[in-house]
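Subject: Structure handover

Hello,

Here is the structure I promised to pass on. Please open it alongside this note.

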Amino acid sequence: MVEGYIPTSLSDALTELANHPYRLVAGGTDMLVQHHNLKTLPINFKQDVMYIANLSELQGIQEEEEFITIGACEPLESILEHPATPKLLKDTILEMASPAIRHAGTLGGNIANASPAGDSLVPLYLMNAMLEIQSKDRTRRVDIKEFITGVRKIALEPNEIITKIILDKIDFTKATFRKVGPRRSDAISKLSFAGAVTIQDNLVMDFRIAFGSVNITVVRHPEIECQFITKTVQELKQNKEHIVSLYREYIRPIDDQRSNKEYRKQVSLNLLRQFIDTI
Amino acid sequence: MSDISKSVRKTDAAEKISGKALYVDDIKLDHMHHALTVRSSIPAGLIKNIVLPELPDGYYSVGADDVSGKNVVKIIFDDQPIFPTDKVTYLHEPILLIVGPDKAKVKELVDQVKIEYEETKPVFDWVNSAIHYHFEKGDGNRVFRHAKKIISYDYETGYQEQAYIEPQGFIGYLDDDKVTLIGSIQCPYYVKNAVIQALGVEENQVRVIQPSIGGAFGGKEEFPSLMACQLAVAIQKIKQPISMMYDREEDMLVTTKRHPSKIHFEAAVDKTNQILGFQTHVGIDAGANIGLSGVVLSRSLIACTGAYTIPHLDVSGDVYLTNTVPNGAFRGFGAPQMYFAVEMFMEHIAKDLGIDPLTFRKRHLAKQGDKTSTNGTFRDPIIMEEMIEKAMEISDYQTKYKEYQDPSSHKGIGMSWFFHGCGFTGSGEANHIKAKVKLRKTKDGFVHILVAAVDMGQGIRTTLRKVVAEIIELPLERIIFDFPDTDFVPDSGPTVASRTMMIVGGLVARAAKEMKERFQEIEFTVQKQYEQPSYIKYDEATFQGDAYPAYSWGINIVEVDVDPVTYITKVLGSWSVYDVGKAIDERIVLGQADGGLAQGIAYGYLEVMRHENGVLKQKNMTDYIIPTAMDLGPMETVLYENPYAFGPYGAKGVGELTLVGGAPAVTKAIEQAIKKRIMKIPATPEYLMELVNHG
């Protein structure tokens, strides 16, 4: 029989975690589905669980001069409605699940779930999101791309909780998120794409590309992006097929019940072409 | 007299919105036990040994040895065992039940059952024909000798899952010696008759009751009989109340779906570009049992001319057995597969001949007095020409069609024409069903409708009461239509085949007319039995004669935009015009129209289900995608009145008509948008990409 623990504060949660391993449950919108049981029987958790969605320390959005911080258990719908939320993240959340699920689901939960099809991960990788992680004895910060280590694998110690997501405030000239799902709402992505560019005096000052659902985690390659910094917009556009060819080898999707690898690859690259065309 | 079409509040609206409606899983009995199913883990093989865990006191296994009657599920074609004795024919086939008071314990025991098999090579190719049909009209394929041109294409359709809101379930108990079952079902008497045969008991020892039903779409036509037989055997053995509820995933993995099909068409065209004849073959995948597949195939074959008149036909079809989950009834019943194929074929012939498809199709459109595919006669007026004009007007079809012919356009508009034969195919109503209905007036002046028709959401609890109230001239509140209970209602037949209002409602109307004349009597019952209109003659063996007493007609127009970057189809809107004789309640018919078309359009481009080596890849509502309102755009429907003499107030069938034309309308629109030919459904973005890349 598994036990459930509902902490009253973050320090209560961290103290309890220091003594006893728990599976953390935030909004539970995917975890409860993964552990579903026959109806009328309790959720089929394999180990003790701690419910952290109610902790006030893990909620809220703060806007600073250089960055914004989002509480790890802030519901997606509240992030969507907050004026400080970067537009790219709003555009992404709007495409996620359904309003009902967005009221329960959290950004920290979507990160810790580390699904290859996790939609929010794509803009978070693009924005170089930092995560603040706490245990009873220390607080550390880690880049999201160091945190997610594989399919549903994360670098979180058993005594740690993600507390905040920290995003730089960046004023992109153009930033796009495209979700390709099997229907127009409330569905898991077949693939997703995010692109962002900053142009000054017709020169590309920042250029970022990220792909979701086409590899074990989000595909992003700063070493490709930086080749095009300080190029003119025209040069960037002329290099479209070259850029596509540089990404081709990193798009390694699979066949599954939602789509096939040929489609995922071709459409990912089509979205990249379309993004460059519309800069 | 007011117009009966004027909408009233739906009888079940308040109880459903308030949450008071009781579905089967809401009904709790004292000492309720739970039954869970032990299923096969291979698609084909012989059962060598079953090793049960030690069962604690009060826990039981129930299997083939416990069947006291005949170990076969009585449907139309009795080839499905209640519990298999020696061989397994599909993955997740039910082998035995474990029953006990604690569901968690039952589940644990189910997981501990070990079944040893001798695996055999499963068959997934369509090679094992269990039923073959063939019929001709006119000169059959001999007319091909006179053809100036022969055009031939092949079409394919996939699975479709009913995705009813409420998964399948039953509870049952022993009441003295009587096995009583309450279940989520469409056909109380199918269940009752199957259970009588399974238990080998008298008719009065089985009782079947219907609670509120959360949708069915054909999925609760024959499958519940299997569950009911298993549960009844368990009740007879254990003598305790038992609940047997499927969870969504179990439901999707093991219940019947729409038959995948492969349809071959050849057309003989003369020198005036008129079609002389079709040669057609339809193959459908029955899965592991025949069940209703022969009847599904019949309806498909009979629909092979679509809404057109083709003078000469050579039509054949096969039901193939494979080691996959059995397929069965689903709204449309063989017709949706055929309408996709024949509507695309007509389009493709016209394009090959270099003729405008609309002109070509109009030249072949069926008219009153024409011979049907089975040499019956379209006796009643066909008002399709007028309806087509209306549909094109409200959708601005011609302007859009012309505009979207532009090679740079990514939009398309498609129009399907179709009919649906109302009631059972052939002489089914007269020879097999023999529907009976009763009306009973009680001392308090109330009138009770006693029929076995099930309201699964389609509104029959509202519309049948309207018919009776209108005829007897009583307020609606004085007409009672309780959920069917086989101890109290006669067998008015199954709730299927768009037959309920036209056939059952027709009988109820006849009974109401008699009741009105005798209304001064204090307490009495009127009974009526189905009589086939005398001019309807049909020979099931040769497929000759009038296959249906009446036909409902329809037109669907769908407009789409296909994204050239993602190949995703966006439905911009749809327009429908229907002749359902007479709408008994306009809002209910419009509700059927929206829901049916959504299901039909989604069948054409959205809903994907496939198996790999007998394993279904989409097994829950996360992976099996059905449309939301966002996927459909605005829907507009216009109803035409064209009363049928034997339907109440002229009513014909509604439920299936609204689904059958959706797929070809959307695929024709996609075809125009991408300028490539659609040969199979669902027309997914993956398939469209392949067409754009290669074809």
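How many residues of chain B are in contact with chain A, and how many of chain A with chain B? The count is 21 residues on chain B and 22 on chain A. Keep in mind that this is a predicted model.

Start on the chain B side. Two helices, α2 (103-112) and α17 (685-694) of chain B, each give at least two residues to the side that touches chain A. By class, that side of chain B holds 10 nonpolar, seven charged and four polar residues.

Now chain A. It is divided into domain 1 (4-168) and domain 2 (174-277). Their C-alpha centres lie 25 Å apart. In the contact between them, domain 1 of chain A takes part with 18 residues and domain 2 of chain A with 18 residues. On the domain 1 side, α4 (87-94), α7 (121-126) and β8 (148-150) of chain A each supply at least two residues. The largest share comes from α7(A), with five residues. This side of domain 1 of chain A has 11 nonpolar, three polar and four charged residues.

Chain A also has an open sheet of three strands. The order is β1-β3-β2, and the pairing is parallel. Strands β1 (4-5) and β2 (23-25) of chain A are the edges, as each pairs on one side only. Between β2(A) and β3 (residues 49-51) of chain A there are three bridges, in the parallel sense. To find this pair, look for A:V25, which stands opposite A:Y51 in β3(A).

Best wishes

Conventions: Residues numbered from 1 in each chain as written. Chains lettered and ligands numbered in written order. Predicted model: local features only at pLDDT ≥ 70, side-chain atom pairs only at ≥ 80, totals over all residues. Pairing = 2+ DSSP bridges. Helix = DSSP H or I, 4+ residues; strand = E, 2+ residues; numbered from the N terminus. Contact = placed C-beta atoms within 7 Å. Nonpolar A, V, L, I, M, F, W, Y, C, P; charged D, E, K, R; others polar. Domains from an automatic or database assignment.
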